[in-house]
Amino acid sequence: MMAAAADGLGSIAIDTTQLNMSVTDPTAWATAMNNLGMVPVGLAGQQLVSDSICVPGFDPSLNMMTGITPINPMIPGMGLVPPPPPTDMSVVKEIIHCKSCTLFPPNPNLPPPSTRERPPGCKTVFVGGLPENATEEIIQEVFEQCGDITAIRKSKKNFCHIRFAEEFMVDKAIYLSGYRMRLGSSTDKKDSGRLHVDFAQARDDFYEWECKQRMLAREERHRRKLEEDRLRPPSPPAIMHYSEHEATLLAEKLKDDSKFSEAITVLLTWIERGEVNRRSANQFYSMVQSANSHVRRLMNEKANHEQEMEQAKENFKDALTGILTQSLAAQAYALKEENDSLRWQLDAYRNEVELLKQEKGQLFRTEENLTKDQQLQFLQQTMQGMQQQLLTIQEELKNKKSELEQAKEEQNHTQALLKVLQEQLKSAKELAETNGHSHEDANEINVLTVALVNQDRENNTEKRTQGLKSEKEALLIGIISTFLHVHPFGANIEYLWSYMQQLDSKISANEIEMLLMRLPRMFKQEFTGVGATLEKRWKFCAFEGIKTT
């Protein structure tokens, strides 16, 4: 059936099984493929054409020189074949309504319909599975949506061949493959069918494609020829043949400086050609002599020019050295002074570095020296602490001496008061005895005298103990008491001072130590450790003082 249908189509379609039939112009086909750098496709029963038939001298690797790649018609996106849709995108087909029929999409879960390999320059498609009642007008109504249709060849069976105006329209027609076509609203089997659209191999499409390839090959040859002509170096000017007239003109040119190079090339060419013979020997000899004299003169002029150049260089060098010496004399003197000052600074820095090395000696000291230095530092710190303690003890001694003097004065004062009171008591007793007062009055007088004496003593003791100067000292005593109470083993003055400095940054360690020494009943001082680890700590002892009192 397929063979009969192919015979009825005329020259449009080529049956897929008849691959051994002759092509319209196989030589042109092979030539176009070879010129594009592609391997010619062999047909069954047809031998490939040799390279001698192709375009002579055509280099398929010309793109490496010119940078232009030969056009492959099967490459998508080059204009002959449109780019295929991306494979990762799922195409959703919809129902297509026409005037006389309706196209229903296939099941999306089914695999896409298979197609044959696309022939070069394909503009014709094979449409199978048409309804039996489908007419050529209905087919044109359905497929004219894909593009302009140039020819439709319908078979008596349920298939046809459609030829479009452009190649990209074939892809739109392939999109309809798999649709189920129904004429009107009829449910008859003759009015429905499932379409199968595939590429078709037509002679006209192949011929047009061959013509395009020939045109592209001609354009490529023309472009390459233009490129070769542009890159070819220019040919030298033609040299005339020897004659007596030309020889006399050449002899005149050899004497001219502006035309000497051109004339000497002509002379050498004549000699290489073998134009020298017995008749022209004298003329050539005279021309060679004139050329030799001219060359000698040029060599002498060159030597003179070189001597003048050397003399000019020496003069320029002398002038430049003079200018440089004059301009750089002051700068050299300034640089010398600056160099001297820098040298003196360097010596001073070296001396300072040596002194620092001698003072510290950290680079050449051994571990024993380091331990000795540490012990010395500890001893110095302890000595400083002892000196501070001695100073504080001296101050305490001075305060105690002053307190003792005050106590002596108060004692003398109390003794004098006691004497006065005793005399008053005696006189009072005598008056009582004489006046006849009772013994109870005498006892009251004794009690009053004792109370006065005790009050006097208490006033004296209050005067001796120095009170707190301000509210700040009372606050400090409270904070120190709570801090030392939390530390039952005591704390050194540096630890206590670091804690107090967080509260008051202006307070000093000496102020804290003087405040602690002023209150011996609340705070006491103890020494812990031996030798270098000797440490002085303060403890809170107010509760012990209350128990003893």
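Strand β7 (residues 180–183) is joined to β8 by three bridges, and the two run antiparallel; within this pair, M181 has G193 as its bridge partner in β8. Strands here are DSSP runs of E with at least two residues, numbered from the N terminus, and two strands count as paired if DSSP finds at least two bridges between them. The model is a predicted one, in which local features need pLDDT of at least 70 and side-chain atom pairs count only at pLDDT 80 or more, whereas totals for chains, interfaces and linings use all residues. Residues are numbered from 1 along each chain as its sequence is written, and side-chain values use heavy atoms, with hydrogens and water left out.

The β7 and β8 strands belong to an open sheet of four strands in the order β2-β3-β7-β8, with antiparallel pairing. Its edge strands are β2 (96–97) and β8 (192–194), each of which pairs on one side only.

Strand β6 (residues 159–164) pairs elsewhere: five bridges join β4 (residues 124–128) to β6 in an antiparallel arrangement, with T124 standing opposite R163. Five bridges also join β5 (residues 149–154) to β6, again antiparallel, and here I152 stands opposite I162. Four residues lie between β5 and β6, which form a hairpin.

How many of the six residues of β6 are buried? Six of the six are buried, where buried means under 20% relative accessible area, with a 1.4 Å probe and protein chains only. In a regular strand the side chains alternate between the two faces of the sheet. Both faces of β6 are covered, with F159, H161 and R163 buried on one side and C160, I162 and F164 buried on the other.

How values were computed: Buried means under 20% relative accessible area, exposed over 50%, partly exposed in between (1.4 Å probe, protein chains only).
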